[in-house]
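Here are my notes on the model, point by point. Please read them with the coordinates open.

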Amino acid sequence: MIFTEFRFLGFFLVAFLVHWGLRGLTARKIWLLICSYVFYAAWDWRFLFLILASTLVDFVAGMRIHDAAEASRKRRWLQVSLVANLGLLGVFKYLGFFIDSGVDLLHFMGFEASRPVLGIVLPVGISFYTFQTMSYSLDVYFGRLKPTRSLLDLALFVGFFPQLVAGPIVRASLFLPLLKENRRFSTIPVRYCLVLFFVGFVKKACISDNVVAVVDPFFRDPGHFSALGAWTGVLMYAVQIYCDFSGYSDMAIACAGLLGYTLPLNFNFPYLAADIREFWRRWHISLSTWLRDYLYIPLGGSRGSKWFTYRNLMLTMLLGGLWHGAGWNFVIWGGLHGLALVVHREWERSRLPALVPAPVRFVVGTVGTFWWVCLAWIFFRSATFSEALGICRSFALFDSPGARSFGMGPMYVFAGLVAAHVLGATHMAGRSMEKLPGWAFAAVYGALWPIALAFMNGAVQPFIYFQF
Amino acid sequence: MILRAFLLSVSVAGFVVSSGLVRSALPGAGTPLTETKLAYFAEHADEYDTLFFGSSRAYRGVSPEVFDGITAAEGVPCRSFNFGAPAARATDVYNTLCKIERLHPPGLRFVFVDPERLQFLTGPDDMLQGPVIDWHDAGTTWLAIAYVLAADRDAAHTARDVGEHLRAFLYRTACIGLAQEVTRSALGRGADTSELEAGLGPRFDGWRPLNSVEADVREGNRERFAKNHRQYAQRLEKLAADRDDPRPVSPQALAFLTRIARKVEDLGAVPIFYAQPGVKRQHDLIAAAREGAVRNLLRYDRQDEHPELFAIANRWDAYHLSEQGARRMTEMLARDFVAGYKAGRFQP
C-alpha cells in the first residue's frame with residue numbers, strides 16, 4: 001500500500017475516523033497498532049513476525065538493561081538486542097551481499113567457488129525499524145531513557161504505520177512520551193498537516209513518478225547518450241530521489257500529525273546546502289543524526305587527532321552507504337560523501353574561507369555541493385561500476401560516446417523545479433495558506449487537488465527508499 | 001461539527017469546480033494515435049464528408065482511397081477519413097465523436113461505425129489507461145455497470161468489474177493523469193511523432209494496411225495464424241453454427257448504440273453501422289438491427305455470403321484483413337453504400 005494510492009486514502013480515512021472516534025488512550029493505541037500491522041501485512045504478512053520478534057526482544061532487553069545491577073549484565077542484554085537486530089539485518093539484507101563478495105574475492109585469488117542461490121526476500125522497512133529498536137536499547141543502556149513497561153507502547157513505537165516502511169527514523173525518547181498523553185483533535189495542526197500531505201503528494205506523484213520517464217531510459221542505456229543527455233539523466237535522478245523520499249517523509253509526517261503524533265523533520269531543502277556538512281544536516285536528517293549519535297560519536301567523533309576524526313567520518317559514511325543497500329555502489333556513494341566531508345573539514349581549518357567573499361562562497365559552495373551530490377548519485381543509481389564511471393566521464397568531463405539526448409525540455413523543467421525549491425524554502429506559500437480564513441483554505445485546498453491529480457502519473461511507482 | 005461539515009462541503013465544492021476547469025483546459029487522454037488523427041482532422045475538417053470508426057479491424061480494414069474511388073465512379077462522390085484505432089471500443093468511438101463535435105466539422109454526411117467489442121470492460125489491466133478513464137463519465141459508467149450487472153457472471157467477477165468501473169469513474173472525476181501528455185512533452189518523452197504520423201497511413205487518410213512489410217503489428221497473431229490455419233477453420237465452423245443466435249440485444253448495448261447514432265446525427269451525418277469479417281459474432285449489433293433499433297447495418301461477417309473475405313489469401317490473421325483483403329472489403333462496402341444511397345436508405 002503506497003501513500004499515493006486510492007486504497008491508502010480509504011485505509012487512512014478509516015484509521016483516522018475510528019481513531020478520533022475512540023475515547024480512551026489505550027483503545028486508540030490498540031487501534032493504531034492494528035492499523036499498523038494491517039498496513040504492513042498489505043505487503044507481506046509473514047514479515048510481521050520479524051517486527052514482532054524485534055519488538056519483543058527489545059522490550060525484554062530494555063527492561064533487563066535497566067533492572068540489571070551489574071554493568072556486565074547490562075552489556076550482555078545490550079548485546080542480545082544488537083545481535084538480534086543486526087542479525088535480522090545481516091540475514092535478510094546483507095547475507096547475499098557478503099556471500100557474493102566472498103565468492104568474488106575467492107575468484108580474484110584464483111580459487112573455485114560457486115555462488116549459492118539464497119532467494120531471500122528483503123522485508124520492507126527492515127533497515128528503518130531495526131534502527132529504531134536499536135536506538136531504544138542503546139538509549140536505555142546509556143541511561144538516556146527509561147524503558148517502557150508497556151509492550152503496547154513499544155510495539156506502536158516500532159510499528160507505527162506512517163513511518164514504518166521508510167522513516168523518518170524516530171527516537172524512542174521522542175515518541176514514547178507522546179503515547180502517555182491522550183490528545184484532542186482540536187489541538188492538532190490540521191492545516192499544516194493537510195498542506196504537508198499535499199506537498200508530499202505533489203513531490204512523489206507529480207514530479208518523482210514522472211521524471212522516471214527520463215531517468216530510467218538513461219540509466220538503462222547510458223552509453224548511448226550525449227553529455228547533455230547524461231546531465232539531464234543525472235539531474236533528473238537527483239530530482240527523482242529527493243522528491244520521492246522527501247515526498248514520502250512529508251506524507252508520513254502529515255499522516256502521523258493528523259493522528260496526533262509529531263514526527264521529526266526529515267528533509268530541509270538539502271539541495272540549497274552551501275557545503276556538504278550542511279547537506280547532511282538537511283538530507284535524511286533522522287538517519288544522519290542517528291549515525292552521528294550511535295556511530296560517529298561512539299567511535300570517538302572529533303575528540304582526537306585530525307586523522308582520527310577523518311577515520312571516524314569515513315567509517316560513518318561508508319557504513320551509512322551500506323545501510324542504504326547491500327552493494328558496493330552504495331559503499332562508494334558513502335565514501336564519496338565521506339571524502340567530501342573530510343575535504344570540507346580541511347577547507348574550514350585552513351585560512352582560505354576568510355579570503356573568499358561570503359556571497360561567492362555561498363554561490364560556489366551551493367552549486368559545487370549540488371554537483372558533488374549529483375556525482376555521488378551516479379554510483380547510487382548505476383547498475384555497474386563501469387557504467388557509473390562512464391556516466392561520471394560524461395557528467396564531469398563532457399566526454400561521451402553517445403549522441404542521444406532528451407532535448408532542452410527536461411532542463412527547463414529542472415529550472416522550474418529549482419525555482420520552486422528556492423521558493424519553497426521561503427515557506428511563503430505554506431504561510432499564506434495557513435493565514436487564510438477557514439472557508440477560503442477549504443476551497444483552495446479542495447481546488448488544488450484536481451490540478452495535482454491531473455499531473456499524477458497513472459502508473460504509481462513504489463517509493464525508492466522502500467528497497468532499503 | 002457543523003463548522004467541520006461546512007468546511008468539508010466548501011472543500012468538495014472547490015474540488016468539483018476545479019476539476020471541471022482542469023477538464024475543460026486539458027486535452028483528454030485518448031490514445032496517441034487517435035489524438036494524432038484528431039489533430040490532423042482538425043486541420044482538414046472541411047475536406048472530409050465521410051468518416052470510418054472502429055478498432056484495428058477498421059484501421060487496417062477500410063481504405064478511404066478505394067472507397068472514394070468507387071463512390072466517385074458510381075456517382076456518389078465522397079471524401080473519407082479513417083478514424084479506426086487499435087483496441088478502440090464502442091465507448092472510445094463515442095468519445096472520439098464527442099471530440100469531433102467540438103471541432104464543428106462543416107460538411108459531414110456519412111459516419112460508418114464498426115462498434116466492435118460492445119462490452120464495456122476488457123479486463124482490470126485496461127481499466128486505468130487514459131482512454132478508458134476518459135470515457136467513464138457518469139452516464140457511460142452507469143450504462144457499463146448496468147451491463148455488468150445484467151451479464152451472467154459469478155458474484156466475485158461482477159463485484160470486481162463494478163468496482164473497476166467505479167474506480168475509473170472516480171479517476172475521471174478527479175482528473176487523474178489528464179495532463180500526462182503535457183508532462184511527457186515537457187520532459188521530451190512524448191510519443192514518437194514520426195511513428196504517429198506513420199499511423200496516419202501513407203496517404204494521410206488514416207488507413208494503415210497490414211502487409212508483409214509491416215511486421216511490427218500483431219506479429220504474434222500473424223505467426224500463430226500462419227502456423228495454424230486449421231484452428232482458424234475450426235473457429236469459422238463454430239461461427240457458422242452460431243449464425244442464428246436468438247438472444248435479444250442487451251438494453252445497455254442498445255442504449256449505447258443509440259447514443260452513438262444520435263451523436264452522429266448531431267454532427268449532421270447519417271450513421272451507418274457495419275460488421276466486419278472476423279471470428280467473433282457481434283451479437284448485440286446484429287440483434288439491434290434485427291429488432292429494428294439500428295437502421296443501417298451493412299454486414300460482412302457471414303462467411304457464406306462473403307467467402308472471399310474469410311479466405312486465407314485475404315487475411316493477415318484471424319482478426320484482421322490483409323491489405324488485399326482490406327481493398328476487397330472496402331470495394332464491397334462502397335458498392336453496398338452506393339446501392340443503399342441510391343435506394344434512399346442513407347438519406348439524412
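1. Which residue stands opposite Phe273(B) in strand 4 of chain B? Val113(B) does. This is a predicted model, in which local features need pLDDT of at least 70, side-chain atom pairs count only at pLDDT 80 or more, and totals for chains, interfaces and linings use all residues. Residues are numbered from 1 along each chain as its sequence is written, chains are lettered from A and ligands numbered from 1 in the order in which they are written, and side-chain values use heavy atoms, with hydrogens and water left out.

2. Strand 4 of chain B spans residues 270-275. Strands (E, at least two residues) and helices (H or I, at least four) are DSSP runs, numbered from the N terminus. Strand 4 of chain B pairs in the parallel sense with strand 3 (residues 110-113) of chain B, over four bridges. Strand 4 of chain B also pairs in the parallel sense with strand 5 (residues 297-299) of chain B, over three bridges. Pairing requires at least two DSSP bridges. Tyr274(B) stands opposite Leu298(B) in strand 5 of chain B.

3. Is strand 4 of chain B buried or exposed? Six of its six residues are buried (under 20% relative accessible area, 1.4 Å probe, protein chains only). In a regular strand, side chains alternate between the two faces of the sheet. Here Val270(B), Ile272(B) and Tyr274(B) are buried on one side, and Pro271(B), Phe273(B) and Ala275(B) on the other.

4. Strand 4, helix 15 (residues 283-290) and strand 5 of chain B make a right-handed β-α-β unit. Right-handed means that, with the strands pointing away from the viewer, the path from the first strand over the helix to the second runs clockwise.

5. The largest pocket has a volume of about 1900 Å³. A pocket is an open set of points on a 1 Å grid over the protein atoms alone, with protein on both sides within 12 Å along at least five of seven lines; lining residues have an atom within 4 Å of a point. The lining has 43 residues, with Leu13(A), Leu194(A), Tyr445(A), Leu8(B) and Ser11(B) nearest the centre of the pocket. Helix 1 of chain B gives the most, nine residues. By class, the lining of this pocket has 34 nonpolar, six polar and three charged residues.

6. There is one cavity of 30 Å³ or more; in a cavity a 1.4 Å probe fits but cannot get out. The largest cavity holds about 50 Å³. Its lining includes His19(A), Arg28(A), Glu181(A) and Tyr261(A).

Key
Points joined across faces, edges and corners; volume = space filled by probe spheres on them. Nonpolar A, V, L, I, M, F, W, Y, C, P; charged D, E, K, R; others polar. Buried < 20%, exposed > 50% of the residue type's maximum accessible area, 1.4 Å probe, protein only.
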